[in-house]
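Let's take a walk through this protein model, helix by helix. Keep the structure open beside you as you read.

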Amino acid sequence: MSARESGLKDTGIQISEATVSDFFALLKPRVMALAVFTAFVGLMVAPGAMNPVIAVIAIGAIAVGAGAAGALNMWYDADIDALMSRTSKRPVPSGRVMPGEALGFGLVLSVLSVMTLGVLVGWLAASLLAFTIFFYVVIYTMWLKRSTPQNIVIGGAAGALPPVIGWAAATGAVGVESLILFLIIFLWTPPHFWALALFKIGDYAAAGIPMMPNVAGQASTRKQIFVYSLILAPIGVLPWAFGFASGLYGIISAALGAGFIWHAWKLLIDKEMKFAKALFAYSILYLFAIFAVLLADTIAMRVVMSAGN
C-alpha cells in the first residue's frame, strides 16, 4: 500500500473503485431499453413529420431520464436489494458504487434529461418526463413499493408513460392514441411482475416487500393475473379499433392476447412454478411484439400512402 493510500485509509476517506460499467448498470439498461423502445414507437406513431435530429435528441433525453430514475431507485433500494438474490450484485449493495455517487449520478442525469428535452424539443414532453422520474422514484420506490401489495398496479404508471412522452415530443400534445399505448403497458405491468413475484416469493419475503403473492397468497395472485390477462387482451387490439393501426395489426395483437390468456390460464390451473416463469417470459415477448408490430404497421401504411400520392 502506498503512503497516499495509507493516509487516505487512516483519515477515513474512501476512493471510489466504480468503473464505467458499474455506472452503466445503475441505469438499469434492460428497463431503460424498454422505455426507449416504447417512447420511440409513440413518437413514430404520432401524426406529422418530425425533424430527425430533434427526434434523436428526444429519444436520447428520454433514455437518459429513464436511466436516471433507475439510478435513483438503486440508491434508495440498496438496503433491500442486498437481501435478494436477484439484486444483491447490483452496484450499490455490492459496494462497487457508493450510495452518494449513485444519488448524485441520478440527480444530475435527471436534470440534464429534463432540461435537454424542454429546451430542444418541448416543455410538455419535458414535464411528462420529469413527472415520470418523480413518480417512479418518490411515489413508487419510496412509498408504494414498501407499503402496499398494489405497489406494481399503481407504480406501473411510471413505466407506461414513455410512449406518451414520445407522442408529446412529436406533436406537442397528448392524444387519445398515446393514452391507449399507456393503457396497454399499464395493464401489462401487474401480471408481468406478479409472475416474477411468484417464483421469487422467497426474495421478497426476505426483503419484507409486500408483493401480492406474499400478502394475498399465491392462489389469489394467480386469479388476479388471469383477470388482468382477460382485460389486457382486448385493450391490445384498440389501436386497430381506433383507426391508427391496420387490420393486420388487429389480427396479430388479438393472437398475442390469446397467447397471454392461455399462459395465464395454465398458471391458474397448475401450481407448478414453471408456468409462472413461462408467463413472465411470454409477457416480455408480448409487449415487445405488440409495439414492434405497431411500429412496422405504421411505417408500412405511410409507405403505401406515400406511394399512392
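## Before we start

Helices here are DSSP runs (H or I, at least four residues), strands are DSSP runs of E with at least two, and both are numbered from the N terminus. This is a predicted model, where local features need pLDDT of at least 70 and side-chain atom pairs count only at pLDDT 80 or more, while totals for chains, interfaces and linings use all residues. Residues are numbered from 1 along each chain as its sequence is written, and side-chain values use heavy atoms, with hydrogens and water left out.

Let's begin with helix 3, which covers residues 29–45. Two packed helices are described by the angle between their axes and the distance between the axes. The axes are lines fitted to C-alpha atoms, for helices over the stretch in contact, and angles run from 0 to 180 degrees between N-to-C directions. Helix 3 packs against helix 4 (residues 52–76) at about 150 degrees, with the axes 9 Å apart. That makes helix 3 and helix 4 roughly antiparallel (angles under 35 degrees count as roughly parallel, over 145 as roughly antiparallel, 65 to 115 as roughly perpendicular and the rest as oblique). In this contact (heavy atoms within 4.5 Å), M32, A35, V36, A39, F40 and L43 of helix 3 meet A55, A58, I59, I62, A63, A66 and G67 of helix 4. Sorted by class, there are 12 nonpolar residues, one polar and no charged. In this sorting, Ala, Val, Leu, Ile, Met, Phe, Trp, Tyr, Cys and Pro count as nonpolar, Asp, Glu, Lys and Arg as charged, and the others, Gly among them, as polar.

Helix 3 also packs against helix 9, this time at about 40 degrees and with axes 7 Å apart, so the two are oblique to each other. On the helix 3 side the contact uses A35, T38, A39, G42, L43 and V45, and on the helix 9 side P162, P163, G166, W167 and A170. Here the count is eight nonpolar, three polar and no charged residues.

T38 is part of helix 3. Is T38 buried or exposed? With a relative accessibility of 2%, T38 counts as buried (buried means under 20% relative accessible area, exposed over 50%, partly exposed in between, with a 1.4 Å probe and protein chains only). Setting aside neighbours within four places in sequence, T38 is in contact with P162, P163, I185 and F291.

K28 sits in the loop between helix 2 (20–26) and helix 3. K28 is not a glycine, yet it has a positive phi of about 50 degrees. K28 is also buried, at 13% relative accessible area.

## Helix 9 meets helix 10

Now look at helix 9 (residues 162–171) and helix 10 (residues 176–199), whose axes come within 8 Å and cross at roughly 165 degrees. This pair is therefore roughly antiparallel. P163, V164 and W167 of helix 9 touch E177, S178, L181, F182 and I185 of helix 10. That contact has six nonpolar residues, one polar and one charged.

P163 belongs to helix 9 and is buried, with a relative accessible area of 0%. Beyond its neighbours within four places in sequence, P163 is in contact with T38, A39, G42, S178, L181, F182, I185 and F291.

## Helix 8, tucked away

Why is helix 8 (residues 151–160) described as largely enclosed by the rest of the structure? Because eight of its 10 residues are buried. Those buried residues are N151, I152, V153, G155, G156, A157, A158 and A160. Their cover includes helix 7 (123–147), helix 9, helix 10 and helix 13.

A nonpolar core is a set of buried Ala, Val, Leu, Ile, Met, Phe, Trp, Tyr and Cys residues joined through side-chain atoms within 4.5 Å. The largest one has 81 residues, and those with the most contacts inside it are L117, I184, W194, Y286, F291 and L294. Apart from it lies another core of seven residues, including L26, M74, V92 and A102.

Residues up to four places away in sequence aside, W194 touches P149, I152, V153, M211, M212, P213, T221, Q224, I225 and Y228. One of these, Q224, is found in helix 13 (residues 218–235). Q224 is partly exposed, at 22% relative accessible area. Counting the same way, Q224 touches W194 and M212.
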